[in-house]
Amino acid sequence: MGKHRAWWLLFFCNLFWAGNFVFGKYVVTVLSPLWLTFARWVLALVVLIPLAILMEKPDAKQVARQWLPLLLMGLFGVIGYNLFLYSALEYTSATNAALVAALNPGVIVLFSFFLLREKITGLQGVGFFVSLLGVIVILTRGNLGQLLHIEYNRGDILAIGAVLVWTFYSIIGRRVKGVAPITATASSTVLAVLMMLPFAIWEGVDLSAMQPLAITGFFYIVLFPSIFSFVFWNTSVRALGANKAGITLNLIPVFTAIISILLGESITASQIWGGLLVFLGVTVASGIVSGKRKSGVSVEIGK
């Protein structure tokens, strides 16, 4: 596939992921975070499983040997990340959640240093703290002097939780050996769905509360962020490499803000300045500026 086409696929990939933040905020008004996560991935499996079989022809024995890391990937990436994200959207704006989530690449680099002993440069350390400062600007709405006294938005704190569990998911994902990406995602999702099943049955769901906008948003989340974005991402990474593809992740908060503005949400100065600091810090922390980022610190995506 040509590189020009790969860049276009990344454009739409990140646009679709941005829509997950925006439409997720609408859907959680009628579906609980648990049921949104459960139903989203049950339906996504209808496509992911055949896709894995057709594109990667997985070795069932190899997949079975990797059951523990795949189980942990399902626990952190499918259940943990989505529950934190959709719970956050009940209390904070889609733009705030996306801006906080932009901290992910820098946090992954930091945790990889402590947990995997991967090297981190001084420049990357500076980049992480700059991006962290940006998140603090967003959380405090620009009132840095009130850092220890301000009452934080519950949704923003939950968004930080989503960043942390996605970091563990990404690190665990690197430990899976001999299982192709789509197969790993499908397998971990199957395990996650099985773990969520008894809780989903116990909680129950009232489908009569589903309004047309929520129904549209739900099927958007199933089809575009869950399936198309993942396929587009993996296709583009093969054509361009993880480092180049990773640069485009900063488009997610930008697209989220644009969509939110079109839907009538206002953007504050603290979101703008905090977002710029996050982008700058993540760019430096990820090694993009120095050109020293290794493929071993690439971010795995399935949001």
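A residue is called buried here when its relative accessible area is under 20%, exposed when that value is over 50%, and partly exposed in between. The views below all show a predicted model.

**View 1. Helix 7 and its buried residues.**
Helix 7, made of residues 122–139, has 18 residues and reaches 26 Å from its first C-alpha to its last, which is close to the 26 Å expected at 1.5 Å a residue. The buried residues of this helix are Gln124, Gly125, Gly127, Phe128, Ser131, Gly134, Val135, Val137, Ile138 and Leu139. An α-helix has 3.6 residues a turn, so residues three or four places apart point the same way. Phe128 and Ile138 are also included, along with Val100 and Val278, in a second, separate nonpolar core of 16 residues.

**View 2. The whole chain, for orientation.**
The protein chain holds 13 helices and zero strands, and, read along the sequence, its pattern is α-α-α-α-α-α-α-α-α-α-α-α-α. Of its 303 residues, 53% are buried. The chain exposes about 14000 Å², and carbon and sulfur atoms supply 71% of this area. Among contacts between residues at least 6 apart in sequence, 90% join residues that are at least 24 apart.

The largest nonpolar core has 65 residues, of which Phe21, Leu36 and Phe218 touch the most other members. At least two residues of this core come from each of helix 1 (3–27), helix 2, helix 4 (67–88), helix 5 (94–101), helix 8 (154–173), helix 9 (181–203), helix 10 and helix 12 (251–262), while helix 2 gives the most, with eleven residues. In soluble globular proteins, nonpolar side chains tend to be buried together. When neighbours within four places in sequence are left aside, Phe21 is in contact with Tyr81, Leu85, Leu89, Ala94, Ala97, Ala98, Ala101, Ile252 and Thr256. Phe21 and Pro225 are 204 residues apart along the chain, yet their C-alpha atoms are separated by 9.8 Å.

Val42, Leu43, Val46, Val47, Ile215 and Phe219 make a nonpolar surface patch of about 470 Å². The elements that give two or more residues to this patch are helix 2 (33–56) and helix 10 (212–240), and the largest share, four residues, comes from helix 2. Val42, one of the patch residues, has its place in helix 2. With a relative accessibility of 31%, Val42 counts as partly exposed, because this value lies between the limits of 20% and 50%.

Lys57 has its place in the loop between helix 2 and helix 3. Lys57 counts as exposed because its relative accessibility is 64%, which is over the 50% limit. Most residues other than glycine have a negative phi. Lys57, although it is not a glycine, has a positive phi of about 45°.

**View 3. Gln66, a buried loop residue.**
Gln66 is found in the loop between helix 3 (60–65) and helix 4. Its relative accessible area is 13%, and therefore Gln66 is buried. Leaving aside neighbours within four places in sequence, the contacts of Gln66 are with Arg175, Val176, Lys177 and Val179.

**View 4. Thr167 and its contacts.**
Thr167 has its place in helix 8, and its relative accessible area of 0% is why this residue is buried. Not counting residues up to four places away in sequence, Thr167 touches Asn104, Val107, Ile108 and Phe111.

**View 5. Thr268 and Ile138.**
Thr268 lies in the loop between helix 12 and helix 13 (269–285). Because its relative accessibility is 36%, Thr268 counts as partly exposed, whereas Ile138 is among the buried residues of helix 7. Thr268 and Ile138 are 130 residues apart along the chain, and their C-alpha atoms are separated by 9.4 Å.

Definitions and conventions: Residues numbered from 1 in each chain as written. Predicted model: local features only at pLDDT ≥ 70, side-chain atom pairs only at ≥ 80, totals over all residues. Heavy atoms only, no water. Patch = residues over 30% accessible without salt bridge, like charges linked within 9 Å, V, L, I, M, F, W, Y side chains within 5 Å. Areas by Shrake-Rupley, 256 points an atom, 1.4 Å probe, with all protein chains shown as cover. Salt bridge = Lys/Arg side-chain N within 4 Å of Asp/Glu carboxyl O. Buried < 20%, exposed > 50% of the residue type's maximum accessible area, 1.4 Å probe, protein only. Core = buried A, V, L, I, M, F, W, Y, C linked by side-chain atoms within 4.5 Å. Contact = heavy atoms within 4.5 Å. Expected span 1.5 Å × (residues − 1).
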